[in-house]
Amino acid sequence: LWGGGGGGGELVVGVPPGIGEKSFRGFLEFMYLGRPGKECALADGGELVRLVGMYRVEGLREWLLRDGIVAENVCGASEFGLSGVLDQQDTEDVLSACDRVASNGLRLIPGASLRGVGPVVVKGLLMGRMG
């Protein structure tokens, strides 16, 4: 790390298992800039949530819940929230953010986003729409 190991002083950080390169780039972008940017927008939200759980980066979780779940990805976010990989508080927060998006109107969700979505997700979004 400090140049004493003969490695030329370079530090290589590996991408954690199960995390895609785009998501890791978004995570690093947020860490270095202190705000989301282009790379965060390209990242997989579920993978970012897992990275937040691993490294506890202040502000990224809040950004994801406030601005990261939108009509184009609400179905995937809802599926992730229902998947059982999150703790109870994170599950409630993700599904609450999905409900907020759904309450703006299901017509805003692109048809392509609905393809392959299971009935539990659709029911959850409909319930979120109803308030």
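Guide: Happy to. Keep in mind that this is a predicted model. Let's start with Phe27, which has 2% relative accessibility.

Visitor: Why does Phe27 count as buried?

Guide: Buried means under 20% relative accessible area. Phe27 comes in at 2%, so it counts as buried.

Visitor: What makes the pair of Phe24 and Phe27 stacked?

Guide: Planes under 30 degrees apart count as stacked, provided the centres lie within 6.5 Å. For Phe24 and Phe27 the values are 6.1 Å centre to centre and 25° between the planes, so the pair is stacked. Both residues sit in helix α1, three residues apart, or about one turn of the helix.

Visitor: And why is the pair of Phe27 and Tyr55 called tilted?

Guide: Those rings are 5.4 Å apart, centre to centre, with 35° between the planes. That angle falls between the 30 and 60 degree cut-offs, so the label is tilted. This pair links distant parts of the chain, with Phe27 in helix α1 and Tyr55 in helix α3, 28 residues apart. Together, ring pairs join Phe24, Phe27 and Tyr55 into a cluster.

Visitor: Is Tyr55 buried, exposed or partly exposed, and how do you know?

Guide: Partly exposed, because its relative accessible area is 44%, and that label covers values between 20% and 50%.

How values were computed
Residues are numbered from 1 along each chain as its sequence is written. This is a predicted model: local features need pLDDT of at least 70, side-chain atom pairs count only at pLDDT 80 or more; totals for chains, interfaces and linings use all residues. Side-chain values use heavy atoms; hydrogens and water are left out. Rings of Phe, Tyr and Trp (its six-membered ring) pair if their centres lie within 6.5 Å; planes under 30 degrees apart count as stacked, over 60 as edge-to-face and the rest as tilted. Helices (H or I, at least four residues) and strands (E, at least two) are DSSP runs, numbered from the N terminus. Buried means under 20% relative accessible area, exposed over 50%, partly exposed in between (1.4 Å probe, protein chains only).
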